[in-house]
Amino acid sequence: MFQEISQKQIAEITEGSFLSGKDELLVSQIAIDSRQILHPEKTLFVALRGAKADGADFIPQLAELGVKTFLVHLDFDALGIPDVCFIKVSDTRWALQLLAKYQRELFSNPVVSIAGSNGKTIVKEWLGQILGQKYAVAKSPKSYNSQVGVPLSIFGIEPYHQVAILEAGISRAGEMAALEEMIKPNLGIFTNLGTAHQEGFDNLESKLQEKLSLFSASNFLIYCTDQKEVSIQIEKLFSKEKLVGWSDRAGAEFTRSVKVKVNGARLILMKADLSTHTFQVPFTDVASLENITHVIVAAMTLGQNAESIQEGIAHLKSVDMRLTLKPGINDSLLIDDTYNNDLAGLKVAMDFMQQQRPKRRKILILSDLLQQGSPEKIYREVAELIRKYQFDHLYGVGKEIFFLEKEFQETFTGFSSTEELLASLDPETFANDMILITGARVFKFEEVVNRLQQRIHGTTLEINLNALTHNYNFYKKQLSPKTKVMVMVKAFAYGGGAVEIANQIQTMGADYLGVAFSDEGIALRKQGIKLPIMVLNAMQESFGLCSEFDLEPVVFSPEFFESLASWCLIHQKKMRIHLDMDTGMHRLGFEKKQLELLKGLIQSNPQLEIASIYTHLVGADEEIHREFSLSQLKSFEGMKNEVLDILSYHPLIHALNSAGIVAFPEFQFSMVRLGIGLYGVEVTGKHELALRAISTLKTTISQVKELEAGETVGYSRKGVLPAGGTIATLALGYADGYDRRFSNGKGYVLIQGQKAAVIGNVCMDMCMVDVSGMDVKAGDEAIVYGEKISLKELADQIGTIPYELLTNISTRVKRVYYLD
Ligand SMILES: *Cc1c(COP(=O)(O)O)cnc(C)c1O
C-alpha cells in the first residue's frame, strides 16, 4: 500500500462511523479474503458480500487471529467480539473503492490503464516487462480488473514504484464510472472491441461509450484507428490533442507496416513527422501483432527509445501466462507459474496452491523476482509468504534469492542458474507432493515444468477454473441467498475431472456434491474433499463403503429402503439418506402410491435420517414441456409435504437442475442441483452469452501431407479431395472421445483460427482434416472445442447433446487446470 492510514482516517475516507474500538492504530494492508492475511495487526479486513459468501462470517475467527480493524455493513452485529475496531459503512465495496481512490491520489507517477475486449492482460504484461527493464513497475496481478480487482491492484502500488499499469474490465452498464474514479489514468490504451459480455449492455455502442469513459481525464489515449466503430466514437468524444492513433493506412499518428516471415515479423512504424522505427517481433498472428503495436506505441508515448523497446521485445514470448495446475510425476501436482515475475503474482499463485487438496509436502521452486526495488525488503516479504503458506522445501535459483538462505537454512537449496538446478534435480525425489514452480521469464522454468510433469500425449483438455466460478456465480444470482447449491460432479464432473472440479466447488462455497456411484464419492473423499456427498445410485455391496466414507445414498424404492435400514441395524450405524420422488421421469424414485409404505418405513427406522427429499424434471430446458414440468413440481410439493408431516426435523427440499434454475426459480425450495450449466452450457438457450466455456479440447498436428487428385484418406477410402490438396493428421481419435460421427466433414477443428473439416473416417487414435490452402506444419495446435466452437453447435451437428460430448472425453486425455 502506498501509505499507512489510521483507523480514524479510514472512517473519514469511507464516510463510516465507529461501532467500537480505538481509532489510532495504523493499517498498512487491506484484505478481503480471510485466508490471505499476513500481518493481522496491521490489516484492515473489508467484509464484502458476494454471491458465494458474506465476508462478515469470518470476522470472529479473524479477530481471534489478531486482526484489529474491520469495515462492515450497517447491519453488522458485533456482539461478543471484544477489543477490535469496527467501522460501519452502508456498502463495503464502495468503501473499498474509496480507499483505493485515496491511495491512488497519493501516487504521482504515471498510471497507465488498459480497457477493451481482448488482449488487456497481455498488453499489460508486455508493457510491464518492457518498462520493467528500467523502472519499478506496479501492475495488476493476473487479470484483476473488476470492481474489486482494481482496488486490490491499487493497494499493490508502493512508494518506490515509478509507473503503474492497471487493467479495467466491466461486464455491465454503469460499472466504469467507479473504475475511472479510482484509476484516473494518465495514459490510456484501448485494445479493441469484441462482442463478449454483450449481455449487460443495451448495444455495442453503449458498451463502447461506457468503456471509453475510463479515459475522460487521461492525457493520452492509444488506439487503432482501423476499427471504424471504435475510432468514430473516440474521435467524437475526445479532443484531438490527446489521441494517439495507429493504423495500417496512412494518415494516423503512427502508420504501421508489417512484413510477416517464418517465425516472426518486422514491424515498421512511421510517425507523422516521417521518422521511422523498425522492430523485430517474435509473432506472426494478427492478435499478437495488434497487442505488441499497442505496447510499442504506449512505450514510445511514455518516452522510451526504440532501442530499449526492441531489447524488451527480444525477451518476450507469446507464452502461456496463466497459472496452471498440471499432473506431475508420481502423483504430484504442479502449479506452473513460469511467467511470473513479481510479488503480487507470487501471492496469487500461493493462494491458488492453498486451495488445492492436501499433499504430502509443499515444495517451492522460485527464481529471483527481477523486480525493481530493495531486495532486502522484497525477500523479507517473500520469506513471510513462505512461512505463512508453510512450504516444506525451497529451491532457489538466481543471485538475490540467496537472501532466503539465512532465513530457511536446511530447507533451502540454492542454485545460481536453471541449468544447475536441472542438473541436480532428481524427479524421483518427489512423490505425492505439491510443487509450485514460479520464476521470471528469463529463467526458463518451463524446462523445470517439463522435467516434472507427467508425460502428456498430444491431446489435452484445458479447464478454466475462473470460468467455472463465473458460471457458478451466474446461477447463484438467480437464487435467493439462502438457497443451497448441490453441484453434480458425476461422470468425472461431466468430463472435467472430478477431484479438481470438486475442489474448486468447495472453495467457491457450494453446499453439496452429487455423484452417480459410490466409487466416485470414495475417490473424492480420498483426495480430501469434505463437502457432503449424495450418491444417486449406491449399490447394496457398497453400503459399508458409504458408511466408512461418509457418503449419503439416494433411496428410491421401498426395497432399497429396507435393505439399507437392516444393514444399518446389523452394523449399528446411522446414515443420512436422500429420498427420490418419481414425478414423471420414470427412472428411479418412489411413486405416489408408495408413500404410505415409505412413511411407515421412515417411522420404524430412525437409524436412517432423511437429509433431503427431491425430484427430477424431465424437460426443464424445453418450453414445450413447461406445463408438464409445472405439473411435476406441483405433484412433488404434495408428495414431499406428506413425508414432512411425519418428520420432527427439516430435510432439504430440491427439484431444479441447471435448466430448472433458469426456468422455474420460484420452485427453488431450499436447494438446487447444478450440473451442465456450471460446465458452460446453458441448455435453455436464454442466457447463452452469460456463461463462459470452461473447457477447451486441444490436440496437435502429427503430420502434414500433400494429396494428388484421386488419392483417398483413411479407412474404407471415405475421404476424397477431388482436386487433391493438403491434409493434416491429428493426434485425436474416437478412443479419446472424439465421436466417430464427426467423420467425413461433419466435424471441424480450428487451426490458426481457421476451420479445417474432418476428412475421411475418424480412426481410433487419429483423424485427418483438410488444410488445403492453409500454412500449417507438424506440431501446430488444433482446437476441437472451446470458446470459439460451441459444444451445442457440435452436438447438433451429429444429433446428440452437449452432455454426451463432455462426458465422452476419455480419461487418457490429460486435464490441465488454469486461472486466466
Ligand atoms: C445429472 C443430474 C442433475 C443435473 O442436471 P443438469 O441438467 O446437468 O443441470 C440434477 N439432478 C439429478 C438427479 C441428476 O441426475
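User: In this predicted model, which residues is Tyr 715 in contact with, leaving aside its neighbours within four places in sequence?
Analyst: The model is a predicted one, and contact here is taken as heavy atoms within 4.5 Å. With the neighbours within four places in sequence left aside, the partners of Tyr 715 are Asn 761 and Cys 763.

User: Where does Tyr 715 lie, and is Tyr 715 buried or exposed?
Analyst: Tyr 715 is placed in the loop between strand 33 (712-713) and strand 34 (719-720). Its relative accessibility is 59%, and because the class of exposed residues begins over 50%, Tyr 715 counts as exposed.

User: Which residues does the UniProt annotation "active site" cover, and how far apart are the farthest two C-alpha atoms?
Analyst: According to the unreviewed UniProt entry, the annotation "active site" covers Lys 490 and Tyr 715. These residues span 226 residues in sequence, and they do not all gather at one spot, because the farthest two C-alpha atoms are 35.1 Å apart.

User: What does Lys 490 touch, not counting residues up to four places away in sequence, and what is its relative accessibility?
Analyst: Not counting residues up to four places away in sequence, Lys 490 touches Gly 514, Val 515, Ala 516, Glu 520 and Leu 536. Lys 490 counts as partly exposed, because its relative accessibility is 24%.

User: Where does Arg 587 lie, and which residues does Arg 587 touch, not counting residues up to four places away in sequence?
Analyst: Arg 587 belongs to the loop between strand 28 (575-581) and helix 22 (595-604), and with a relative accessible area of 56% Arg 587 is exposed. Not counting residues up to four places away in sequence, Arg 587 touches Asp 582 and His 616.

User: Is Met 764 buried or partly exposed, and what is its relative accessible area?
Analyst: Met 764 has its place in the loop between strand 37 (754-759) and strand 38 (767-770). Leaving aside neighbours within four places in sequence, Met 764 is in contact with Gly 733, Tyr 734, Ala 735, Asp 736 and Arg 812. Met 764 is partly exposed, with a relative accessible area of 45%.

User: Which are the edge strands of the open sheet of 5 strands?
Analyst: The strand order in this open sheet of 5 strands is 2-7-6-5-4, and the pairing is mixed. Each edge strand pairs on one side only, and the edge strands are strand 2 (17-20) and strand 4 (29-31).

User: What is the bridge partner of Ser 20 in strand 7?
Analyst: Strand 2 and strand 7 (residues 85-89) run antiparallel and are joined by 3 bridges. In strand 7, the bridge partner of Ser 20 is Phe 86.

Definitions and conventions. Residues are numbered from 1 along each chain as its sequence is written. This is a predicted model: local features need pLDDT of at least 70, side-chain atom pairs count only at pLDDT 80 or more; totals for chains, interfaces and linings use all residues. Side-chain values use heavy atoms; hydrogens and water are left out. UniProt positions are given in the numbering used here, feature names are shortened, and annotations may be inferred rather than shown by experiment. Buried means under 20% relative accessible area, exposed over 50%, partly exposed in between (1.4 Å probe, protein chains only). Helices (H or I, at least four residues) and strands (E, at least two) are DSSP runs, numbered from the N terminus. Two strands pair if DSSP finds at least two bridges between them.
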